[in-house]
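Q: Please take me through this model one feature at a time, giving the general idea before the particular case.

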Amino acid sequence: MLQSLIFDMDGTLFQTDKILELSLDDTFNHLRLLNEWDAETPIDKYREIMGVPLPKVWEALLPNHSDEIRAQTDAYFLKRLIENIRNGKGALYPNVKEIFSYLKENNCSIYIASNGLKEYLEAIVSYYNLDNWITETFSIQQIQTLNKGDLVKIIIKKYDIKQAAVVGDRLSDINAAKDNSLIAIGCNFDFAQEDELAQADLVIDDLIELKTIVPKINNSLLI
């Protein structure tokens, strides 16, 4: 039987795009005031690389800036994201709480494995009371490699998980599942890319589909 589902956060449970452009604009306006930026906010570039750890984000968005400026930008961006979450400007994807309730009722534990920073993840979990269902939330900050496969490995080891699936919208989620011999469920949501989803074992267009997929997986595991 499927013991656990390990979810990505951004673009899978949380509609990051609701606060992304807002927070990124705030951040690049801040850089303009510091005379560190004089062009448009690179929102399209961010969307292309969405899902990678934040240090990699700033390398891509600020390729000609120092590590110090990138670190300051990262801190400011995080602050703006959290304020926007706490002000209710974000949103969960449809059916998150319904599917979480279903999974818990069917003895399937829920974990988060995210490239997001710990403080940011805690803000989402707290604002939407997701701790009612989630066993534990894991951030990429907890490991040195910035590899989501290694993060998932920590969850598996800590909770002695034998059968699980990873649910996420990007290749890093699919690879994290495959690296740990787990089932990869791709989410065809806002930031998903067709060529990446093609590598998943299953693809969903709405989280509610897990209500039918989980029993099917359990049946196949019994064969």
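Q: What covers the buried residues of H6?
A: Helices (H or I, at least four residues) and strands (E, at least two) are DSSP runs, numbered from the N terminus, and a residue is buried when its relative accessible area is under 20%, exposed over 50% and partly exposed in between, with a 1.4 Å probe and protein chains only. In H6, the buried residues are Tyr120, Leu121, Ala123, Ile124 and Val125, and their cover includes H4, strand E2 (109-114) and E3. This is a predicted model, in which local features need pLDDT of at least 70 and side-chain atom pairs count only at pLDDT 80 or more, whereas totals for chains, interfaces and linings use all residues. Residues are numbered from 1 along each chain as its sequence is written, and side-chain values use heavy atoms, with hydrogens and water left out.

Q: Which residue just after H6 takes a positive phi?
A: Just after H6, that residue is Asn129, with a phi of about 55°, a positive value in a residue other than glycine. Asn129 sits in the loop between helix H6 (118-127) and strand E3 (134-139), and its relative accessibility of 46% is why it counts as partly exposed. Ser181, another residue that is not glycine, also has a positive phi, near 60°; it belongs to the loop between helix H8 (171-179) and strand E5 (183-187), and its 70% relative accessibility makes it exposed.

Q: At roughly what angle do the axes of H5 and helix H10 cross?
A: Two packed helices are described by the angle between their axes and the distance between the axes. Axes are lines fitted to C-alpha atoms, for helices over the stretch in contact, with angles running from 0 to 180 degrees between N-to-C directions. For H5 and helix H10 (residues 210-222), the axes cross at roughly 30° and come within 10 Å. H5 is therefore roughly parallel to H10, given that angles under 35 degrees count as roughly parallel, over 145 as roughly antiparallel, 65 to 115 as roughly perpendicular and the rest as oblique. The crossing of H5 and H10 is right-handed; a crossing has that name if the near helix is turned clockwise from the far one by less than a right angle, and is left-handed if anticlockwise.

Q: Which residues in H5 and H10 meet?
A: Contact means heavy atoms within 4.5 Å. On that basis Glu98, Ile99, Tyr102 and Leu103 in H5 meet Leu210, Lys211, Val214 and Pro215 in H10. By class, these residues are six nonpolar, no polar and two charged, where Ala, Val, Leu, Ile, Met, Phe, Trp, Tyr, Cys and Pro count as nonpolar, Asp, Glu, Lys and Arg as charged, and the others, Gly among them, as polar.

Q: At roughly what angle do the axes of helix H3 and helix H4 cross?
A: The axes of helix H3 (residues 54-61) and helix H4 (residues 67-86) cross at roughly 120° and come within 10 Å, which means that H3 is oblique to H4. Their crossing is right-handed, and in it Leu54, Trp58 and Glu59 in H3 meet Arg70, Thr73, Asp74 and Phe77 in H4. This contact has three nonpolar, one polar and three charged residues.

Q: Is Arg170 buried or exposed?
A: Arg170 lies in the loop between strand E4 (164-168) and H8, and it counts as buried because its relative accessibility is 7%. A polar contact is a pair of N or O atoms within 3.5 Å; within protein, one must be able to donate a hydrogen and the other to accept it, and residues adjacent in sequence count only if both atoms are side-chain atoms. The side chains of Arg170 and Glu196 form such a contact, at 2.9 Å. Leaving aside neighbours within four places in sequence, the residues touching Arg170 include Arg47, Glu48, Phe191 and Gln193.

Q: Where does Thr41 lie?
A: Thr41 is in the loop between helix H1 (17-33) and helix H2 (43-49), and its relative accessible area of 14% makes it buried. Its side chain has a polar contact of 2.7 Å with that of Asp25 and another of 3.2 Å with that of Arg32.
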